[in-house]
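Keep the 3D view open as you read.

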Amino acid sequence: MRVLSVLLLAALSVFAAGNLSNRRAPGFSLPDSQFRQYDLADYRGKVVLLEIMRTSCPSCQKLAVTLERVRAKYGNKIQVLTIVNPPDTQATVAQFASTFGVKTPVLFDSGQVAASYFRATPQNPSVHVPHLFLIDGNGMIRNDFGYSDATKSIFEGDALYAEIDRLLGPAK
C-alpha cells in the first residue's frame, strides 16, 4: 500500500502547477481572422483553456486535435482560445483550421500577450510553443503546461480531462 501511495504522489507531482501558474491571467482583447475581438474578461465564470501555438509546430497540431475533443466533451462549460503570433498569418491559420478541424477561435497577437503570459523579459525573451494555460472562472491561471515527455498525456492523451474536471469542481 505504501508503494502505491508513493507512486500516486509521484504521478500527481508531474502535473503540479507550472511555474507560470497561480497568478491572475493577463487580460487581452485580440482579433480572429474575421476581425472579431475576443476579450478574456468576457469568459469570467468559465474555465478557459488558452493555447499559445504556431501552426507549423507538430506538437501544436496534436494539441489542436485534443482541444477539439475537449471542446466536444465539455461544451459551453469551457472556452478554448488559441493565440498565434507572426509569422503565422490568416492563410496559415485557415489552412491549419481546415486540416485539423479547429472550430475554436484562433486569435492573432503581435507578441505582447504571449510575452505577458510567459513573463518574458529582455533577459529571458523565450516563448516556447505549444503552451497551454488553464484559467479558472475567477481569471486565475491554475496550471500551465509546456510540451515535454512528462506532459505528453496532457497534449495528446486524456490527462487534460482530469485537469479540467478539477477546475470545474464536483458535478452538480
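## Rings in the interior

Phenylalanine 28 and tyrosine 117 are both buried. Keep in mind that this is a predicted model. How many aromatic pairs does the structure hold? There are six of them. A pair of aromatic rings is described by the distance of the centres and the angle of the planes.

## A second pair and a cluster

Now find phenylalanine 118 and phenylalanine 133. Why is this pair called edge-to-face? The ring centres are 5.8 Å apart and the planes meet at 80 degrees; planes over 60 degrees apart count as edge-to-face. Because phenylalanine 118 is in helix 4 and phenylalanine 133 is in strand 7 (residues 131–135), the pair ties together parts that are 15 residues apart in sequence.

Are phenylalanine 118 and phenylalanine 133 buried or exposed? Both are buried. Together, Phe28, Tyr117, Phe118 and Phe133 form one aromatic cluster.

Elsewhere, a charged residue meets a ring: lysine 73 lies over the face of tyrosine 161, at 4.3 Å from the ring centre.

Six strands form an open sheet with mixed pairing, in the order 1-8-7-4-5-6. Strand 1 and strand 6 (106–108) stand at the edges with a single partner strand each, so one side of each has no neighbour in the sheet.

Strands of a sheet pair through backbone hydrogen bonds, either parallel or antiparallel. Strand 5 (residues 78–84) and strand 6 run parallel and are joined by three bridges. Which residue of strand 6 stands opposite isoleucine 83? It is leucine 107.

## A buried glutamate

Finally, look at helix 6 (residues 159–168), where you will find glutamate 163. Why does glutamate 163 count as buried? Its relative accessibility is 5%, and the cut-off for buried is under 20%. The side chain of glutamate 163 is joined to the side chain of arginine 166 by a polar contact of 2.6 Å.

Conventions
Residues are numbered from 1 along each chain as its sequence is written. This is a predicted model: local features need pLDDT of at least 70, side-chain atom pairs count only at pLDDT 80 or more; totals for chains, interfaces and linings use all residues. Side-chain values use heavy atoms; hydrogens and water are left out. Rings of Phe, Tyr and Trp (its six-membered ring) pair if their centres lie within 6.5 Å; planes under 30 degrees apart count as stacked, over 60 as edge-to-face and the rest as tilted. Buried means under 20% relative accessible area, exposed over 50%, partly exposed in between (1.4 Å probe, protein chains only). Helices (H or I, at least four residues) and strands (E, at least two) are DSSP runs, numbered from the N terminus. A charge sits over a ring if NZ of Lys or CZ of Arg is within 6 Å of the ring centre and within 35 degrees of the ring normal. Two strands pair if DSSP finds at least two bridges between them. A polar contact is a pair of N or O atoms within 3.5 Å; within protein, one must be able to donate a hydrogen and the other to accept it, and residues adjacent in sequence count only if both atoms are side-chain atoms.
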